[in-house]
Amino acid sequence: MFTCVIGGFLGTGKTTLVMKIAGRCRASGIRVAILVNEMGEICVDATTIKAEGYDAVELPDGCICCSLSGTLQNALKNIKRDIDPDIIIIEPTGLALPHKVAELVHTSLIDSDHTMIIGLVDSARYDQLMEKKEEFFKRQLHASNFLLLTKSDISAEEEKARISKALKMLYPEKDVIYTSSVTGEGLDEVAERILNG
């Protein structure tokens, strides 16, 4: 079994991307389960994902890398027992640190082959996030296997190139892939990377 943590700040487009990637995996005959963590009483993201016909488990009202760590571990064991997917895609809250989630996955799923972390960067709000949340933003991305520059359909080519260059300066070893859930740009490459582990 393989796990994939989708990390990124609030409003980066994680839920839409998760559904698009899950759809591509499912089309390849891969069994996918999605675990969603959302702050608040109602887990809107999980409801949206379930409405699309995916196996989704929700962990509302808390952060899975902090107060809900035990709940996450139990949820992963239950997913393994009840659904037995090939891939578990984990969408933590936008306030979580993906590498902490990945650490909890390893302690929960002894037979997990590998955990991939994908870091999402909102091309429309990059400057704003770097100005207001720089340290946290960098901590969210530092353990990612690769980075996705989301919402590429609404950003000018020169802006995307500038942000990509800035990210490569911060993380020279990480690939930066332009993605758009609207046009589908980059989604096949992301799905292929996930499927190839």
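1. Basis. The model is predicted, so local features need pLDDT of at least 70 and side-chain atom pairs count only at pLDDT 80 or more, while totals for chains, interfaces and linings use all residues. Residues are numbered from 1 along each chain as its sequence is written, and side-chain values use heavy atoms, without hydrogens and water.

2. Helices α5 and α6. The axes of α5 (residues 126–141) and α6 (residues 157–170) come within 13 Å and cross at roughly 35°; axes are lines fitted to C-alpha atoms over the stretch in contact, with angles from 0 to 180 degrees between N-to-C directions. On the α5 side, the residues in contact (heavy atoms within 4.5 Å) are Tyr126, Asp127, Met130, Lys138 and Leu141. They meet Glu159, Arg162, Ile163, Ala166, Leu167 and Leu170 of α6. By class, this contact has seven nonpolar, no polar and four charged residues.

3. Ser123. This residue is found in the loop between β5 (114–122) and α5. Ser123 is buried (under 20% relative accessible area), with a value of 6%. A polar atom of its side chain lies 2.7 Å from the backbone oxygen of Thr150. Among the residues that Ser123 touches are Leu149, Lys151, Ser155 and Ile163.

4. Helix α7. In α7 (residues 187–195), the buried residues are Leu187, Val190, Ala191 and Ile194. They cover an arc of only 95° around the axis, so they are on the same side of α7; the arc is taken from the directions from the helix axis to the C-beta atoms. Their cover includes β1 (2–8), α1 (14–27), β4 (87–91), β5 and β6 (146–150). Just after α7, Gly197 takes a positive phi of about 65°.

Key:
Helix = DSSP H or I, 4+ residues; strand = E, 2+ residues; numbered from the N terminus. Nonpolar A, V, L, I, M, F, W, Y, C, P; charged D, E, K, R; others polar. Buried < 20%, exposed > 50% of the residue type's maximum accessible area, 1.4 Å probe, protein only. Polar contact = N/O pair within 3.5 Å; in protein donor to acceptor, adjacent residues only side chain to side chain. Lists of a residue's contacts leave out its neighbours within four places in sequence.
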